[in-house]
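Try each task on your own, then follow the solution step by step.

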Amino acid sequence: MEVFTRWRTWDAARADLESSGDGARVDLGALAAAADAARRWHGDQRRPTGDPYVEHLLEALEVLVRGAGVTDPAMLSAVLLHDVVEDTPATLADVEDAFGPEVTELVDWVTKPPAGGAGRQAKRAAKSAYLRRLRDAPPEAVLVKLADRVSNVQRLDRMPPDFQRRYYAETVTYIVPLAEPHPWFAAWYAEWREAFSHLR
């Protein structure tokens, strides 16, 4: 199972894109703007592992480019911005002002709405409804979500055991079916399921 952790900073990502030749296939200017906006909006946020949050966004970008071979500028910008509305003060209007309607639509599709009530049950119900809704998302938004989840599950063993089991089940139930029409993602998630099969 390939793990995507080479691009820990935008400078590292840009250098790798340029040296590999992928820089000629993607809009580096647009990506630099999205990476800068994501860094500003997320600020000092950290992942549950304690790593800077921006590393998650760059991992998802690396998945799309190096793994799935995506070069579409809107999708690549959206994967860098996919959590800004959910996790920062930024709004969809802010994203649209800076990056236009196409990127904003993709970000909107992958943004989990706030829970309708307080407590764990309300949060889980809202998340399940959001994940089911992704079945109706445009293919481009689905690819952004698939890359996001690859970043989140590729090192699932770094998370607490109870979270691992719950997140494994959620991924198999809602995300793996979304990967089936996309050969690269289908193959990656099949390898991932095998690697973490002890969580079944």
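**Exercise 1. Decide whether arginine 8 is buried, partly exposed or exposed, and find its salt-bridge partner.**

Solution. Keep in mind that you are looking at a predicted model.
- Step 1: Arginine 8 has a relative accessible area of 39%. Buried means under 20% and exposed means over 50%, so arginine 8 is partly exposed.
- Step 2: The side chain of arginine 8 meets that of glutamate 55 in a salt bridge, at 3.2 Å from N to O.
- Step 3: Arginine 8 sits in the segment before α1 (10-20), while glutamate 55 belongs to helix α3 (residues 53-67), so this pair ties together parts that are 47 residues apart in sequence.
- Step 4: Now look at the partner. Glutamate 55 has a relative accessible area of 8%, so it is buried.

**Exercise 2. Work out how arginine 14 and glutamate 18 are placed in their helix.**

Solution. 
- Step 1: These two side chains form a salt bridge, with 3.4 Å from N to O.
- Step 2: Both residues are in helix α1, and because they are four residues apart there, about one helical turn separates them.
- Step 3: Arginine 14 is partly exposed at 28% relative accessible area, and glutamate 18 is partly exposed at 49%.

**Exercise 3. Which parts of the protein does the pair of glutamate 59 and arginine 155 tie together?**

Solution. 
- Step 1: A salt bridge joins the side chains of glutamate 59 and arginine 155, at 2.7 Å from N to O.
- Step 2: Glutamate 59 is in helix α3, and arginine 155 is in the loop between α8 (139-153) and α9 (161-179), so the bridge ties together parts that are 96 residues apart in sequence.
- Step 3: Glutamate 59 is buried, with a relative accessible area of 3%, whereas arginine 155 is partly exposed at 22%.
- Step 4: To widen the view, count the salt bridges: the structure holds 14. Glu2, Glu62 and Arg66 are linked by such bridges into a network.

**Exercise 4. Find the residues that arginine 133 contacts beyond its neighbours within four places in sequence.**

Solution. 
- Step 1: Locate arginine 133 in helix α7 (residues 120-133).
- Step 2: Leave aside the neighbours within four places, and the contacts are Asp108 and Trp109.
- Step 3: Compare sequence with space. Tryptophan 109 is 24 residues from arginine 133 along the chain, and their C-alpha atoms are 8.7 Å apart.
- Step 4: Arginine 133 has 33% relative accessibility, so it counts as partly exposed.

**Exercise 5. How does the radius of gyration of the protein compare with that of a compact globule?**

Solution. 
- Step 1: Begin with the secondary structure, which comes to 10 helices and zero strands.
- Step 2: For 200 residues, a compact globule would have a radius of gyration near 16 Å; the protein has 16 Å, so the two agree.
- Step 3: Picture the box that the C-alpha atoms fill, roughly 40 × 35 × 35 Å along the principal axes.
- Step 4: Turn to burial and contacts. Buried residues make up 47% of the 200 residues. Among contacts between residues at least 6 apart in sequence, 67% join residues at least 24 apart.
- Step 5: Finish with the surface and the charges. The accessible surface is about 9500 Å², and 50% of it belongs to carbon and sulfur atoms. There are 25 positive and 31 negative side chains, and the centres of the two sets lie 8 Å apart.

Terms used: Residues numbered from 1 in each chain as written. Predicted model: local features only at pLDDT ≥ 70, side-chain atom pairs only at ≥ 80, totals over all residues. Heavy atoms only, no water. Helix = DSSP H or I, 4+ residues; strand = E, 2+ residues; numbered from the N terminus. Buried < 20%, exposed > 50% of the residue type's maximum accessible area, 1.4 Å probe, protein only. Contact = heavy atoms within 4.5 Å. Salt bridge = Lys/Arg side-chain N within 4 Å of Asp/Glu carboxyl O. Rg over C-alpha atoms; globule rule 2.2 N^0.38 Å. Areas by Shrake-Rupley, 256 points an atom, 1.4 Å probe, with all protein chains shown as cover. Lys, Arg positive; Asp, Glu negative; His and termini not counted. Charge placed at Lys NZ, Arg CZ, Asp CG, Glu CD.
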